[in-house]
Amino acid sequence: MDTINNLQNQFGLMTWPLLICSALTIMILLERCVQVLLCTGVGKTKINALLAKQYRDDDCGLDELASELKQQRPLLYKGVAMLISHRHFDKPLREDAAGIWLQQKRTQLRSGLRLLSLIGVITPLLGLLGTVLGLIEMFKGIAATSGSVTPSDLADGLGLAMRTTAAGLIIALPAITGAQLLGLWADQVTAKLEHTLNHCNLWLEGLDLDPACNKHSKKMGVEPSTVNINASLSSAETTS
């Protein structure tokens with residue numbers, strides 16, 4: 001309670017709005033950082049190595065691989081597992097399923113970033129409002145004073161009024177920076193997912209872009225065919 005009372009004496013009416021904004025900023029940044037740690041760490045090289053050990057006509061092996069990948073935390077594993085699980089469907093249906101899955105994961109990766117950006121916009125305004133209100137109170141006190149006003153009185157009043165602006169800027173800086181960096185990270189992860197799913201879909205259709213997989217593909221009599229998950233993702237974004 002002493003801490004809260006001290007903060008209220010320092011920031012006045014803007015104490016609680018600034019505290020709420022700072023708490024939300026910390027919680028969103030921590031939660032998103034945990035998601036970064038859970039979703040990263042797996043690259044296309046590991047996926048290519050897994051596919052190089054599999055045969056396209058080995059349903060039991062592919063089912064076991066999909067089951068193992070579903071239990072992993074990285075999104076890249078889950079996406080490949082989803083695609084392998086839908087390998088018996090026609091190519092257009094598989095592309096649509098991958099596009100919808102990518103759109104869902106993109107929404108999840110960017111969750112909370114709009115609120116973080118909003119906090120970065122409103123906290124400087126809250127701080128400026130607190131400064132204006134503090135100046136109004138200071139001038140009211142000066143007007144009610146019958147004696148002379150000393151420079152120290154003005155310095156104390158201005159210092160109290162300017163603290164809210166400084167607090168608002170301190171909160172806004174990590175909020176805006178975090179929102180931008182996390183947005184770039186989400187786009188990068190989504191692009192990696194899209195590229196890897198396209199590669200896996202090509203592998204399922206009989207076309208190997210990675211030479212490491214060629215030793216298995218030569219044993220298959222599947223005609224290579226190109227797929228385009230990106231088009232499905234774009235159509236999913238348009239309909240949403």
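Reader: How many disulfides does the structure hold?

Author: This predicted model holds zero disulfides, since a disulfide would need a pair of cysteine sulfur atoms within 2.5 Å.

Reader: Why is Cys21 called buried?

Author: Cys21 has a relative accessible area of 7%, and buried means under 20%, so the residue falls on the buried side of that cut-off.

Reader: Which residues in H6 are buried?

Author: Among the buried residues of H6 are Arg94, Glu95, Ala98, Trp101, Leu102 and Lys105, which means that each has under 20% relative accessible area.

Reader: What makes the contact between Arg32 and Glu31 a salt bridge?

Author: The side chains of Arg32 and Glu31 meet at 2.7 Å, N to O, and because a salt bridge asks for a side-chain nitrogen of Lys or Arg within 4 Å of a carboxyl oxygen of Asp or Glu, the pair qualifies. Arg32 counts as buried at 4% relative accessibility, whereas Glu31, with a relative accessible area of 35%, is partly exposed.

Reader: Why is the pair of Asp59 and Arg87 called a salt bridge?

Author: Their side chains meet at 3.6 Å, N to O, and that value lies within the 4 Å cut-off, so the pair counts as a salt bridge. The pair links distant parts of the chain, with Asp59 in helix H4 (residues 59-70) and Arg87 in the loop between helix H5 (75-85) and H6, 28 residues apart. Asp59 is partly exposed at 34% relative accessibility, while Arg87, with a relative accessible area of 12%, is buried.

Reader: What does the salt bridge between Arg87 and Asp63 tie together?

Author: The side chains of Arg87 and Asp63 meet at 2.7 Å, N to O; because Arg87 lies in the loop between H5 and H6 and Asp63 in helix H4, the pair ties together parts that are 24 residues apart in sequence. Asp63 has a relative accessible area of 43%, and is therefore partly exposed.

Reader: Which residues are linked in a network of salt bridges?

Author: The network links Asp59, Asp63 and Arg87, and the count of salt bridges comes to five.

Notes
Residues numbered from 1 in each chain as written. Predicted model: local features only at pLDDT ≥ 70, side-chain atom pairs only at ≥ 80, totals over all residues. Heavy atoms only, no water. Buried < 20%, exposed > 50% of the residue type's maximum accessible area, 1.4 Å probe, protein only. Helix = DSSP H or I, 4+ residues; strand = E, 2+ residues; numbered from the N terminus.
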